[in-house]
Amino acid sequence: MFLKKIPFLLIPLILFYTPFSRHVYAAENQGIIDLRILETTDLHSSLVNYDYYQTKVDNRIGLVKTATLIHQARNEVKNSLLFDDGDHLKGNPLGEYLARIRGINHGKTHPVYRAFNSLGYDAIAIGNHEFNYGLKFLNAAIKGANMPVLNANVFSVKKNKPYFTPYIILKRQVVDQSGTKHTLKIGVIGFMPTQIMKWDKANLEGKVYAKPIIDAAKEFIPMMKAKGADLIIALAHTGISSEPYNSETENAVYYLTKFPEIDAVLAGHSHSVFPGPIFQNLANTNMTKGLINNKPVVMAGSFGSRLGIIDLKIGKIAGKWTVLQGTSTTKAISDENGRSLVKTDKRLFRIIKFEHQETVDFIRKLGL
Ligand code: MN
Ligand code: MG
């Protein structure tokens with residue numbers, strides 16, 4: 001009797017320590033997805049590495065430089081997404097020229113959106129400065145954007161509904177570590193500071209109102225989950241502060257990271273760099289991995305000076321796609337002395353050079 005049982009007892013050992021265990025490992029590996037999320041923020045119409053005030057090249061700024069980092073970052077991985085976090089239409093003479101002098105001619109696309117279209121952004125957020133030229137200009141301009149233009153906390157007064165598309169659920173085919181394809185439903189939602197109602201009172205009063213960022217998150221995130229979002233990424237045009245929460249906070253990223261359903265936060269607005277030394281005393285922050293409250297957060301400075309990069313490792317737990325690990329970093333287009341670290345994306349430059357040249361010529365005509 002006893003002897004007869006021995007082979008039976010050995011069965012689990014044979015199964016788990018020989019080919020079967022390798023099979024189990026391969027099956028686990030098969031479900032692991034590496035997903036890279038790229039961010040530009042606060043471009044302020046800095047498409048070209050050019051200082052229009054001093055009329056000379058400035059290699060510390062310009063999407064034509066950041067674009068080269070975008071291509072590199074995409075080429076390093078199988079799966080990536082690209083987002084802009086807002087404040088992209090205003091902030092330099094090119095933006096002023098387009099809005100105040102030339103306007104958006106019928107059927108023409110604003111060069112900022114032409115650049116975004118050409119680089120294949122997956123979605124973009126509206127920033128507070130997008131309102132500076134008024135709603136009419138903004139609405140005309142965003143017609144030219146081929147990707148979802150998001151904001152969830154600015155509401156139409158008349159309709160009492162979100163003025164823009166509050167969120168989108170992107171269906172993207174991704175490849176796991178073993179080469180198997182999966183379709184991920186990636187929820188993306190946009191936010192901006194409520195202070196727009198003060199900063200752009202003349203343009204906005206009576207037309208739109210702003211809800212506190214956290215209230216809008218509470219309203220829409222359950223809807224995104226109900227619609228099957230596997231992951232949620234916040235395009236948060238707002239800064240980072242762990243000061244006690246108040247509903248009018250301009251810098252709500254810290255509190256967005258506390259939502260269990262939000263998997264990654266793309267920050268902006270304050271033109272800072274996260275991870276970076278100015279945030280070293282922030283509560284519950286892992287500066288090495290770029291985490292706040294254990295969530296990956298990135299803020300890529302301003303004017304295209306940096307590209308934000310979040311790397312997620314995603315696997316299925318109890319049948320649900322879950323972020324197993326996240327890290328963030330930023331890459332700069334120039335060193336501390338303003339020396340260029342990357343080549344210009346010549347293809348992108350060709351796409352927007354007409355308006356760049358128009359702006360340069362206009363400034364020259366004014367004799368500035
Ligand atoms: Mn800004
Ligand atoms: Mg801003």
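Predicted model: local features only at pLDDT ≥ 70, side-chain atom pairs only at ≥ 80, totals over all residues.

Me: How far apart are the axes of helix 3 and helix 5?

Reply: They are 12 Å apart, for helix 3 at residues 63-75 and helix 5 at residues 111-119.

Me: Is that crossing of helix 3 and helix 5 left-handed or right-handed?

Reply: Right-handed.

Me: Which residues meet there, from helix 3 and helix 5?

Reply: Helix 3 brings Leu63, Ala67, Ile70, His71 and Arg74, and helix 5 answers with Ala115, Phe116 and Leu119. That contact splits into 6 nonpolar, 1 polar and 1 charged residues.

Me: And what about helix 4 and helix 11, at what angle do they cross?

Reply: Roughly 85 degrees, with the axes coming within 9 Å. That makes helix 4 roughly perpendicular to helix 11.

Me: OK, metals now. What coordinates the manganese ion (ligand 1)?

Reply: Asp42 (OD), His44 (NE2), Asp87 (OD) and His271 (NE2), at 2.1 to 2.3 Å. Their spacing in sequence is D-x1-H-x42-D-x183-H. Asp42 sits in the loop between strand 1 (33-40) and strand 2 (50-51), and Asp87 in the loop between strand 4 (80-84) and helix 4, so this pair, 45 residues apart, links distant parts of the chain.

Me: Are Asp42 and Asp87 buried or exposed?

Reply: Asp42 counts as buried because its relative accessibility is 0%. Asp87 is buried too, with a relative accessible area of 1%.

Me: And which residues hold the magnesium ion (ligand 2)?

Reply: Asp87 (OD), Asn128 (OD1), His237 (NE2) and His269 (ND1), at 2.2 Å. Asp87 bridges the magnesium ion and the manganese ion, which lie 3.3 Å apart.

Me: Where in the chain do Asn128 and His237 sit?

Reply: Asn128 is in the loop between strand 5 (123-125) and helix 6 (135-142). His237 is in the loop between strand 11 (231-236) and helix 10 (253-256), and the two are 109 residues apart. Asn128 is buried at 5% relative accessible area, and His237 is buried at 0%.

How values were computed:
Residues numbered from 1 in each chain as written. Chains lettered and ligands numbered in written order. Heavy atoms only, no water. Axes fitted to C-alpha atoms, helices over the stretch in contact; angles between N-to-C directions. Helix = DSSP H or I, 4+ residues; strand = E, 2+ residues; numbered from the N terminus. Left-handed = near helix turned anticlockwise from the far one by under 90°. Contact = heavy atoms within 4.5 Å. Nonpolar A, V, L, I, M, F, W, Y, C, P; charged D, E, K, R; others polar. Donors = N, O, S within 2.8 Å, 3.2 Å for Na, K, Ca; no water. Buried < 20%, exposed > 50% of the residue type's maximum accessible area, 1.4 Å probe, protein only. Parallel < 35°, antiparallel > 145°, perpendicular 65-115°, else oblique.
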